[in-house]
Amino acid sequence: MGVIASTETLLDEKAVIAAAEKALEEIAVVRREVGKVIFGQESVVERTLLAILSGGHALLVGVPGLAKTKLVTTLGTVLGLDASRVQFTPDLMPSDILGSEVMDQDETGRRSFRFVSGPIFTQLLMADEINRASPRTQSALLQAMQEYHVTVAGQRNDLPRPFHVLATQNPLEQEGTYPLPEAQLDRFLLQVDVDYPSLAAERQILLETTGTGESAVRSVMTARQLLEIQQLIRQMPVSDSVVNAILALVRSARPGQGHTETDRHVAWGPGPRAGQALMLCARARALFDGRLAPSIDDVAALAEPVLQHRMALTFAARAEGMSVRDVIGGLVKTIRAS
């Protein structure tokens, strides 16, 4: 029995390694294809891909004109996903996203209601400037992002799989914006901050996008392949040291857990969903880098995008000029030291 069990384990390991090698090749092709039209912003592209490969959603935060919309549409094409785009505005209604029931009448005169699906019934939904819609409309996404179905008129309507929401948000305070509620922020696996491009990248943008021709991308993956990679990531082993680092990091970010700096500066911290996000994204990052198991370095690198939208500082901390990034940076140093 021991020999049989060992043989089966060896076969499983070989199958996982073979699947990982295939996934690496597919991911490399995706990265090259995206690089044809998205110049620089390697960290942004990586983190957005990590969110998708982990099976989650991402919130892209940056000022206008930094190719957030371009990145989302490019990923939809390259990954072979059906994509929809919704421009969020203050007058947008929940039915504009979810769909609604309309009354039909057949040839006998009998009337019945028929559900007409909205743009949310897609594999990749771009929620452009999500903080411009009212809270009522923002909440229409909550059930879909967590449970992958929506309920309209008491009827459950399943969404296509895979299903991902990539939302963009302008960080500048302007009229007509509504901050996302904490419950909805928690549904985003990662918050990806989109900064200004480097000098070299901006030079390339000017040269490549102002001529008579512009590079185009092609589909290099299918939805089925993406689902297989997502399943593979969930099968990747995680060592006890990495699990302990994730637990220590997430728990130390909560006030009342015995961490002095957190108690002083943090009003409320991340819940268990942050730990789940770190587990999945750390595995995805390891695969992204060609490794079969995540390390503590992966946890440290993903601490900021996973935690920053799941924490809030106290008034005193904000008055001192502190930011959530400062707090997370201190926690990561503690984890590394231990």
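Analyst: Let's start with a rule: two strands count as paired if DSSP finds at least two bridges between them. Helices (H or I, at least four residues) and strands (E, at least two) are DSSP runs, numbered from the N terminus. This is a predicted model, in which local features need pLDDT of at least 70 and side-chain atom pairs count only at pLDDT 80 or more, while totals for chains, interfaces and linings use all residues. Residues are numbered from 1 along each chain as its sequence is written, and side-chain values use heavy atoms, with hydrogens and water left out.

User: Thanks! What makes strand 1 and strand 9 a pair?

Analyst: Strand 1 (residues 58-61) runs parallel to strand 9 with four bridges, and the rule asks for at least two, so they pair. Ala58 stands opposite Leu190 of strand 9.

User: How do you know whether the faces of strand 9 are covered?

Analyst: Look at the side chains of residues 190-193: Leu190 and Val192 sit on one side, Gln191 and Asp193 on the other, and all are buried. Buried means under 20% relative accessible area, exposed over 50%, and partly exposed in between (1.4 Å probe, protein chains only). Both faces are therefore covered.

User: What does Thr177 touch beyond its neighbours within four places in sequence?

Analyst: Asn131 and Arg132 are in contact with Thr177, contact meaning heavy atoms within 4.5 Å.

User: What makes strand 6 and strand 7 a hairpin pair?

Analyst: Strand 6 (residues 149-152) and strand 7 (residues 155-158) are antiparallel, with four bridges, and His149 is bridged to Asp158. Two residues separate the strands, and Ala153 in the turn has a positive phi of about 55 degrees.

User: Which residues bring helix 10 and helix 12 into contact, and what classes do they belong to?

Analyst: Helix 10 (residues 240-252) and helix 12 (residues 272-288) pack at about 145 degrees, with axes 10 Å apart. Val243, Ile246, Leu249 and Val250 of helix 10 meet Ala274, Gly275, Leu278 and Met279 of helix 12. By class, that gives seven nonpolar, one polar and no charged residues.

How values were computed: Axes are lines fitted to C-alpha atoms, for helices over the stretch in contact, and angles run from 0 to 180 degrees between N-to-C directions. Ala, Val, Leu, Ile, Met, Phe, Trp, Tyr, Cys and Pro count as nonpolar, Asp, Glu, Lys and Arg as charged, and the others, Gly among them, as polar.
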